[in-house]
Every structure is written in C-alpha cells, then in structure tokens.
Amino acid sequence: MEGLNITDEMLSPDSVTRQLNDQISLAKGFLVIAKESNNLQFAWELSAQIRNSQILLSNAALRRTPLTISESETAVRDMALLLFQAQQLHYDSATMIMRLKAKIQGLEEQMSTVSDKSSKYGQIAAEEVPKSLYCLGVRLTSERFQNANLQGKLKENRQTALKLKDNSLYHFCVFSDNILAASVVVNSTALNSNNPSKIVFHLVTDEVNYAAMKAWFTMNSFGGVTVEVQKIEDFSWLNASYVPVLKQLQDSETQSYYFSGSGGDNRTPIKFRNPKYLSMLNHLRFYIPEVFPALKKVVFLDDDVVVQKDLSPLFSLDLNGNVNGAVETCMETFHRYHKYLNYSHPLIREHFDPDACGWAFGMNVFDLVEWRRRNVTGIYHYWQEKNVDRTLWKLGTLPPGLLTFYGLTEPLNPSWHVLGLGYTNVDQHLIEKGAVLHFNGNSKPWLKIGMEKYKPLWDKYVDYGHPLLQLCNVH
C-alpha cells in the first residue's frame with residue numbers, strides 16, 4: 001500500500017508532524033522540570049497535552065496519510081500556550097537547564113546499570129525450565145513406554161492419516177518443546193472453534209520431548225481435534241548442506257559468539273546472544289512447505305499464544321496473491337524496517353524501504369502453493385547466506401522474515417493477533433476483541449515472572465486438576 005513516508009515528513013520544514021514532534025520533545029523537558037519544582041498541576045497539564053499530540057501522530061500513521069493543519073490546529077495552539085506558560089515560569093533559565101542536565105545524566109547512569117541487570121536476570125528467568133514442567137516431561141515419557149493401553153492408542157489409524165493431508169480441513173502448525181504451552185494452544189483453539197472436528201494440528205518438537213509430547217496428546221482429548229506429533233530429527237533434508245543456519249552453527253566463530261559470549265562486539269545486547277535464536281525449531285517456520293508437502297494452506301501459531309475466537313475464517317481469506325498473511329505492527333509503536341535492519345549496509349539500503357511496515361510472527365496464514373511457486377525458502381536462504389557475518393541483522397527470525405516476505409505479505413485486521421501480553425500493558429478493549437493473544441516477551445504465563453493480570457487468560461485453558469499436573473505441582 002502507498003502510504004505516509006515518515007522520513008520525508010520529519011525532514012519537511014512545512015510538516016505539521018514535525019512541528020508536533022518538536023513541541024512534544026520540548027514539552028517533555030519542561031515536564032521533568034515541573035515535577036522537579038513540585039508544580040504537579042502544571043506537570044499534569046503538560047502530560048495530558050503530550051498524550052493528545054501523540055494520539056494525533058498515531059492516527060496519521062495508522063491511516064498512512066499526513067496530518068493536516070485543520071485537524072492539528074487545536075493541539076498545536078494548546079501546546080504552544082503551555083510552552084509559553086512554561087517560559088513565563090522561568091523554566092528556560094540557565095539554572096534550570098543546568099539542573100535538568102545534571103538530573104538527566106544521573107538518571108541515565110542509573111538506568112544503564114538497572115537496564116543491564118534487568119536484561120541479564122530477565123533473560124535467565126525466561127530461559128529457565130520450571131521444575132514442574134521438567135517433571136511433567138519425565139512422567140509422560142515413562143507413561144509412553146510403560147502404559148500398554150497408551151501403546152495401543154498411539155498407533156495411527158487410517159482415517160487420521162487421511163485427515164493429515166486433507167486440504168478441505170483447517171490445518172494449524174506449532175513448533176515447540178513446551179508440552180504445556182502447546183497444549184494450551186490446541187485446547188484454546190478447540191474450545192473456541194465452531195467445528196473442532198475439522199481442525200488438524202501438526203506439532204513438531206525435538207527428540208528430547210517427542211515421547212512426552214506424543215503421550216500427552218494421545219492420552220488427552222481436545223474436543224475432536226486431530227493432533228499429529230512429529231520430531232525434527234526425522235526430517236532428513238534438514239542438514240547443513242541445505243540449511244544455512246545449521247552450516248553457520250558449525251563455524252567456530254559463530255559458536256564462540258552465541259555460546260560463550262566472547263564475540264568481538266561486547267555491546268551486543270544479551271538477548272541477541274541467546275542460543276535459542278539458532279534453534280531449528282525456531283527457524284522451522286521457513287521450511288513449512290517441506291515439512292507439510294501435501295498441504296496448500298496453513299495457519300502458523302507460536303506456542304506462547306492463546307486463541308479465544310473461531311479461526312476458521314482465516315482459511316477463506318483472500319491473500320491477493322501474497323504468501324504471508326500477518327498483522328502489521330507499525331501503528332502506535334512505529335515498528336518499521338529500519339528498527340530491525342542495518343541500513344548502513346548497501347544490500348539493505350538498496351532493496352528495502354526503511355519506512356516499510358513491520359509485521360508479527362505468531363499468527364500467520366501461509367499460502368503454501370504460492371510459497372512453492374515463488375521459491376520463498378530460497379529467498380530466505382539467500383539472505384541468511386548474506387548475513388553470515390551478522391552485519392545485516394543480529395539474529396532471530398523476525399528480521400530474516402521481514403526480508404524473506406518483503407512484498408509478499410498481506411496485512412490482516414489487527415484484531416486477529418494482539419501482541420504484548422508478555423512484556424507490556426495492553427488495552428483491555430483490544431484483548432476482548434482479539435482472536436489470538438500473544439504472550440511475546442520474557443514474562444511467559446507459565447513462568448513465575450509472568451504478568452499476573454494476564455495469566456488468567458492462559459490459565460483457563462489448563463486443567464490443573466489433571467493427575468499428572470497435580471503430581472508435578474503444576475499451578
């Protein structure tokens with residue numbers, strides 16, 4: 001879609017957007033001084049006007065057209081009056097500027113220290129496997145090999161095998177090593193579906209969790225939903241000669257960078273040094289047509305989502321010849337391409353618009369017919385090979401996803417996928433309307449650091465009365 005070019009707007013001397021942004025920046029400075037001077041009423045007025053101006057800018061970004069003078073005239077005038085009032089209060093004096101500079105410097109030093117500690121501790125907590133989930137995996141693995149009744153159920157019947165390739169059904173895929181999280185995805189989808197018997201879930205896990213995952217989805221019923229469990233080790237085509245990430249993992253410098261943290265760039269945030277970014281379960285989303293060669297359309301779900309609406313309409317959406325249907329994320333938070341990619345690199349600068357709208361992994365509709373026709377996996381391989389020295393982006397799956405599906409992504413209605421429940425406050429109205437709620441971020445609902453106010457949205461799809469969950473003290 002043609003739309004607002006933020007860069008051009010901010011460089012234009014006649015831009016209302018630029019004027020509003022300049023006013024906001026100045027008002028934020030006066031706001032700090034007002035609070036320092038204990039002038040709380042004036043600070044409140046400044047805060048309210050800053051928010052009003054930010055809403056105008058957000059609305060303009062949302063509709064992709066520049067702000068007009070008529071719609072912003074009141075906000076500009078009201079802010080100008082407040083800024084004039086601030087000057088009358090001598091907030092622009094040399095003494096106040098020096099106080100402000102000293103305060104900012106002190107706060108920056110404190111923030112840097114706290115931020116480093118928070119990142120390290122938060123990352124450690126997020127990577128932890130709770131003892132209760134570890135216990136559940138061990139118990140289920142034992143059940144898988146000791147329970148004779150379960151052994152009989154595990155044998156796939158012919159009717160189930162046919163469903164796995166039936167393109168008239170609704171096919172979902174989840175790649176996960178977390179049994180409980182995957183169970184919530186399946187259970188919430190089933191309970192909110194108008195026709196669960198038409199749903200097929202394709203779960204892919206690793207060798208360590210395969211037996212436990214297989215046992216759990218065999219011994220529990222999910223409202224008639226068909227569930228297939230595979231392990232990634234069975235995909236013979238997934239090898240270093242075909243997959244760039246696996247080839248790069250054999251490089252000693254890459255291993256040093258991600259596993260020992262001894263790479264050359266010590267300024268790289270700790271979250272990018274997390275070895276999970278090299279997990280093939282994480283990158284398997286780029287090989288969906290190879291994983292499911294008989295399927296034509298698939299809805300991909302991350303394992304940290306909860307489904308609270310019927311998702312069957314996704315399968316009749318027209319993607320207008322595109323491969324990926326996804327919800328864009330460049331509205332209020334302005335998540336555009338320049339936030340994820342290195343635009344000082346000529347390859348990035350020449351091929352991608354820095355103001356192009358970002359989108360989210362976690363709930364994606366993939367047209368696999370179009371994917372194969374356009375050789376999208378080959379595009380992904382090309383960019384991974386170009387990024388062997390990590391100069392195009394650090395790591396993760398979203399940056400290569402933005403490159404791979406550039407010009408091949410159809411924007412979906414934002415209510416299909418609501419993000420942020422694992423790291424920030426989300427508008428309650430958006431949560432109520434959302435079809436898929438995404439707990440992206442470190443505060444996963446199955447961890448102690450999960451955000452308490454959002455955990456009930458996830459807990460309602462866990463049967464805490466299940467004997468195995470009680471045995472392992474899952475709560």
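What share of the contacts in the protein with a separation of 6 or more comes from residues 24 or more positions apart? In this predicted model, such residues account for 75% of those contacts, a contact being heavy atoms within 4.5 Å. Local features need pLDDT of at least 70 and side-chain atom pairs pLDDT 80 or more, whereas totals for chains, interfaces and linings use all residues. Residues are numbered from 1 along each chain as its sequence is written, and side-chain values use heavy atoms, with hydrogens and water left out.

The protein has 21 helices and 10 strands. These are DSSP runs, numbered from the N terminus (helices: H or I, at least four residues; strands: E, at least two). Of its 475 residues, 49% count as buried, meaning under 20% relative accessible area with a 1.4 Å probe, protein chains only. The accessible surface comes to about 23900 Å², computed by the Shrake-Rupley method with a 1.4 Å probe. Carbon and sulfur atoms hold 52% of that surface.

The largest nonpolar core has 60 residues. Such a core is a set of buried Ala, Val, Leu, Ile, Met, Phe, Trp, Tyr and Cys residues joined through side-chain atoms within 4.5 Å. Phe172, Phe201, Phe217, Leu301 and Leu314 have the most contacts inside it. Helix α9 (residues 179-191) supplies the largest share of this core, eight residues. A second, separate core has 44 residues, including Leu284, Ile348, Val376 and Tyr380.

Helix α9 is mostly covered, with 12 of its 13 residues buried. Among them are Ile179, Leu180, Val184, Asn187 and Thr189. From first C-alpha to last, α9 reaches 18 Å, close to the 18 Å expected; the expected span is 1.5 Å times one less than the number of residues. Asn178 caps the N-terminal end of α9. A side-chain oxygen of Asn178 lies 3.2 Å from the backbone nitrogen of Leu180.

Three strands form an open sheet in the order β5-β10-β9, with mixed pairing. Strands pair if DSSP finds at least two bridges between them. β5 (305-307) and β9 (417-418) stand at the edges with a single partner strand each, so one side of each is left without a neighbour in the sheet. β9 and β10 (residues 436-438) run parallel and are joined by two bridges. His417 stands opposite Val436 in β10.

Technical notes. Buried means under 20% relative accessible area, exposed over 50%, partly exposed in between (1.4 Å probe, protein chains only). A polar contact is a pair of N or O atoms within 3.5 Å; within protein, one must be able to donate a hydrogen and the other to accept it, and residues adjacent in sequence count only if both atoms are side-chain atoms.
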